[in-house]
Amino acid sequence: MVGAMRGGAMELEDRLATLPRFRGDHDDDGKERRTGTVWTATAHIITAVIGSGVLSLAWAMAQLGWVAGPLTLVLFAAITFYTCGLLADCYRVGDPVTGKRNYTYTEAVKSNLGGWYVWFCGFCQYVNMFGTGIGYTITASISAAAINKSNCFHWHGHDADCSQNTSAYIIGFGVVQVIFSQLHNFHKLWWLSIIAAIMSFSYSAIAVGLSLAQIVMGPTGKTTMTGTLVGVDVDAAQKVWMTFQALGNVAFAYSYAIILIEIQDTLRSPPAENKTMRRATMMGISTTTGFYMLCGCLGYAAFGNAASGNILTGFGFYEPFWLVDFANACIVVHLVGGFQVFCQPLFAAVEGAVAARYPGSTREYGAAGLNVFRLVWRTAFVAVITLLAILMPFFNSILGILGSIAFWPLTVFFPVEMYIRQRQVRRFSTKWIALQSLSFVCFLVTAASCAASVQGVVDSLKTYVPFKTRS
């Protein structure tokens with residue numbers, strides 16, 4: 001009997017020896033323990049959401065007017081919150097506490113849908129991350145140029161020729177991103193996201209304050225219930241194109257779903273990551289929507305149908321020039337962080353695929369952990385983005401295209417399809433029809449706004465000359 005007990009004990013030890021062992025500094029998947037909280041996740045969301053989008057909302061309101069403008073903001077916020085809640089439940093397969101983790105959006109789609117959905121998801125997600133890098137580069141360079149323009153107007157008068165060539169600023173932003181892109185662990189960027197979130201609050205608050213001051217002190221622009229007037233501000237064709245382009249700008253302002261899974265993968269547990277992510281989404285979307293309402297509505301009230309595409313760089317505000325300078329500096333700092341929040345998951349995906357095929361590519365040298373492939377590939381990536389930003393520095397049109405690419409497929413289509421598959425929603429049931437109707441309407445909005453934004457780029461290219469055109 002003793003021998004049997006001893007044999008059983010040895011067999012148990014053998015089985016235990018085959019199980020994965022995790023030290024206190026590792027999670028259940030063997031990776032370094034995650035330390036993210038609802039606050040860091042909220043900061044990541046705010047960093048990703050309040051960026052280029054908030055600056056265009058006064059212009060978007062001018063195209064839509066007092067009725068459709070605020071209603072559009074509320075509808076996009078509600079749709080984003082609902083679908084991101086569905087997406088958060090897809091971080092783990094099966095059990096929300098102990099199920100297998102999905103580390104990326106694409107893995108979540110593969111686990112729940114599979115097939116062609118995976119290819120389409122990866123294409124949409126990484127194209128949008130790449131495009132967002134271009135959009136952030138353009139916006140940051142415009143804001144950097146606006147600092148010099150603001151100083152020029154202050155010292156030489158509002159009628160002076162203070163136009164700037166943004167190409168040099170785009171190159172400077174690219175150099176900074178080459179340096180920051182060498183950070184190779186997404187969760188180690190929490191401090192950059194905190195700083196960037198503070199910056200986003202700062203320049204949004206300044207934009208709100210300056211708009212409010214303009215309303216109180218005057219003069220203010222003409223506003224209408226339906227936005228820009230046909231025959232007065234625009235012709236009929238322009239009204240249609242700009243209305244749909246404005247919808248694309250609003251969609252871009254809410255497009256963070258593409259990195260939700262990656263943000264969720266930084267969270268510690270317990271509590272369950274999906275519960276923490278829902279709280280972070282509620283806090284993040286509520287905060288950003290409040291800012292959007294203030295920036296969009298007050299900006300429109302201040303400048304009316306003539307509101308510029310970028311409220312802080314279109315020079316409706318000249319004084320106090322130092323405050324305008326500070327706001328634009330905050331935008332630049334914020335977008336340095338925002339660029340990394342969006343691009344780090346793309347870096348990880350490419351490097352993971354290369355490492356699987358060529359294990360030697362992950363070798364690091366020296367105390368700093370220098371990796372040759374990472375250095376070369378990330379530098380080349382930033383260089384391509386910088387070049388494209390120089391060739392197409394069109395703020396509102398680029399934002400409209402990016403919002404169109406991201407919103408329907410990544411914020412609506414995949415979360416809805418995964419929910420239907422998870423919950424086995426019966427085809428043609430009331431819930432199925434409601435979900436598919438939501439997806440179809442969002443698809444129509446996406447298609448129309450994308451077409452309008454492409455048309456805007458084509459029009460702008462007729463008069464733009466890289467390295468020469470000044471604005």
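This is a predicted model: local features need pLDDT of at least 70, side-chain atom pairs count only at pLDDT 80 or more; totals for chains, interfaces and linings use all residues.
**The disulfide**

Begin by selecting Cys152 and Cys162 and displaying their side chains. A disulfide joins these two residues, with an S to S distance of 1.9 Å. The count for the model comes to one disulfide. The torsion about the S-S bond is -70 degrees, and the link of Cys152 and Cys162 is accordingly left-handed. Cys152 belongs to helix α6 (residues 116-156), while Cys162 sits in the loop between α6 and α7 (167-180); the two cysteines are 10 residues apart.

Next, colour the pair by solvent accessibility. Cys152 has a relative accessible area of 15%, so it counts as buried under the 20% cut-off. Cys162 is also buried, at 3% relative accessibility.

Now select Cys124 together with Cys121. Cys124 takes part in no disulfide; its nearest cysteine sulfur, that of Cys121, is 7.2 Å away. Cys124 is buried, with a relative accessible area of 4%.

Move on to Cys343. The relative accessible area of Cys343 is 0%, and the residue is therefore buried.

**Phe428**

Finally, select Phe428 and show the backbone on both sides. Phe428 lies in the loop between α14 (395-423) and α15 (430-461). The phi angle of Phe428 is near 70 degrees, a positive value in a residue other than glycine. Is Phe428 buried or exposed? With 59% relative accessibility, Phe428 is classed as exposed, because the cut-off for that class is over 50%.

Technical notes
Residues are numbered from 1 along each chain as its sequence is written. Side-chain values use heavy atoms; hydrogens and water are left out. Helices (H or I, at least four residues) and strands (E, at least two) are DSSP runs, numbered from the N terminus. Buried means under 20% relative accessible area, exposed over 50%, partly exposed in between (1.4 Å probe, protein chains only). A disulfide is a pair of cysteine sulfur atoms within 2.5 Å.
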